[in-house]
Amino acid sequence: MTAKQSALKDLPPDLEPARLPQHVAVIMDGNGRWAQRRGMPRIMGHRRGVDTLKDLLRCCKDWGIKALTAYAFSTENWGRPLEEVDFLMTLFERVLRKELREMQAEEVQIRFAGNLAALPASLRLEIDRSMEATRHNQGIVFTVATNYGGRQEIINACRAIAHQVQQGTLQPDAVDEALFEQHLYTAGNSDPDLLIRTSGEMRVSNFLLWQLAYSEFYVTDTLWPDFDRTEFHQALCAFQQRDRRFGTLS
Ligand code: IPE
Ligand code: IPE
Ligand code: MG
């Protein structure tokens, strides 16, 4: 075991630190089915899903992964029954309030991606508070995609850029990938190296449409509340087997 590896808490010996993804993104899917299979209301799955996310965040930090982005609520999820949407908004708020101290202790820098202005005011307050309090933390960048839509994100960026061009402060030829990225919700984040989706669905559901251009995809049938360290370890092993060619030849 190398010195670097022993410094990473509990990193399984078959994982090579140098070949780990720097940034992992997760579509946390299957909470409702997890609960329904147990004869429980869907919201119980969401509650359990929070514990799974907390464990994964800690695991990423232990294993030296620099960034985790989690899809918590899509712009399309407003179409669910009001009761479920209300439960989720209250859950997000409660979790943020409850976990802030722990995030500080773990050096987590929390960020949010999405149309935050449309969220309930009391949730926005917790979002602002947690972002402000953790902005200098260097342990891991944890981005929560909340009221997030990839298409909306791209349209917003286009609008902001068009506005600058109209004002005469930006030349159309100056618009390139680097500039475009500065207008995304995820400005300043690296692109995910690995995207994990639980519950077996083979789709991106409007998640990080721009940022996933060269991410490796890993889909597991496991439902989100059951996605534990062992499952994550498997995903990372699969990632390490991938030949990332980025359009060139290996
Ligand atoms: C993912 O689980 C959580 C959110 C979308 C908020 P689901 O609620 O989509 O669970 P399934 O897919 O219906 O089982
Ligand atoms: C994607 O899951 C959104 C989140 C995990 C927050 P959905 O359950 O909403 O996606 P679809 O409806 O199966 O595409
Ligand atoms: Mg789902």
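**Ligand sites and spaces**

Q: Which polar side-chain atom lies 2.7 Å from an oxygen atom of ligand 1?
A: This is a predicted model, in which local features need pLDDT of at least 70, side-chain atom pairs count only at pLDDT 80 or more, and totals for chains, interfaces and linings use all residues; side-chain values use heavy atoms, with hydrogens and water left out. Residues are numbered from 1 along each chain as its sequence is written, while chains are lettered from A and ligands numbered from 1 in the order in which they are written. A polar contact is a pair of N or O atoms within 3.5 Å; within protein, one must be able to donate a hydrogen and the other to accept it, and residues adjacent in sequence count only if both atoms are side-chain atoms. At 2.7 Å from an oxygen atom of ligand 1, the polar side-chain atom belongs to R33.

Q: How much of the accessible area of ligand 1 does the protein cover?
A: A side-chain N or O atom of R42 is 2.8 Å from an oxygen atom of ligand 1, and a polar backbone atom of N31 is 3.1 Å from an oxygen atom of this ligand. On its own, ligand 1 has 380 Å² of accessible area (Shrake-Rupley method, 1.4 Å probe; for residues, only the protein chains shown count as cover). The protein covers 87%.

Q: Which element gives the largest share of the shell around ligand 1?
A: The shell holds 13 residues (a heavy atom within 4 Å), and M28, D29, R33, R42 and R80 come nearest. Helices (H or I, at least four residues) and strands (E, at least two) are DSSP runs, numbered from the N terminus. At least two shell residues come from each of α2 (31-36), α3 (42-62) and α4 (82-105). The largest share, three residues, is from α2.

Q: Which side chain has a polar atom 2.8 Å from an oxygen atom of ligand 2?
A: Around ligand 2 are I27, M28, D29, Y71, A72, F73, N77, R80, R197, R203 and S205. Polar side-chain atoms of D29 and R80 each have an oxygen atom of ligand 2 at 3.2 Å. The polar atom at 2.8 Å is in the side chain of R203.

Q: What space does ligand 2 take?
A: A pocket is an open set of points on a 1 Å grid over the protein atoms alone, with protein on both sides within 12 Å along at least five of seven lines. A molecule sits in one if more than half of its atoms lie within 2 Å of its grid points. Ligand 1 takes the space of the largest pocket, and the space taken by ligand 2 is also the largest pocket.

Q: Which element gives the most to the lining of the largest pocket?
A: About 930 Å³ of space lies in this pocket. Its lining has 45 residues (an atom within 4 Å of a point), with M28, L53, Y71, A72 and F92 closest to the centre. The most, nine residues, comes from α3.

Q: How much space lies in the largest cavity?
A: A cavity is a set of grid points where a 1.4 Å probe fits but cannot get out. The largest cavity is lined by D55, L56, C59, F227, D228, R229 and F232, with three of the lining residues coming from α3. Its volume, the space filled by probe spheres set on points joined across faces, edges and corners, is about 30 Å³.
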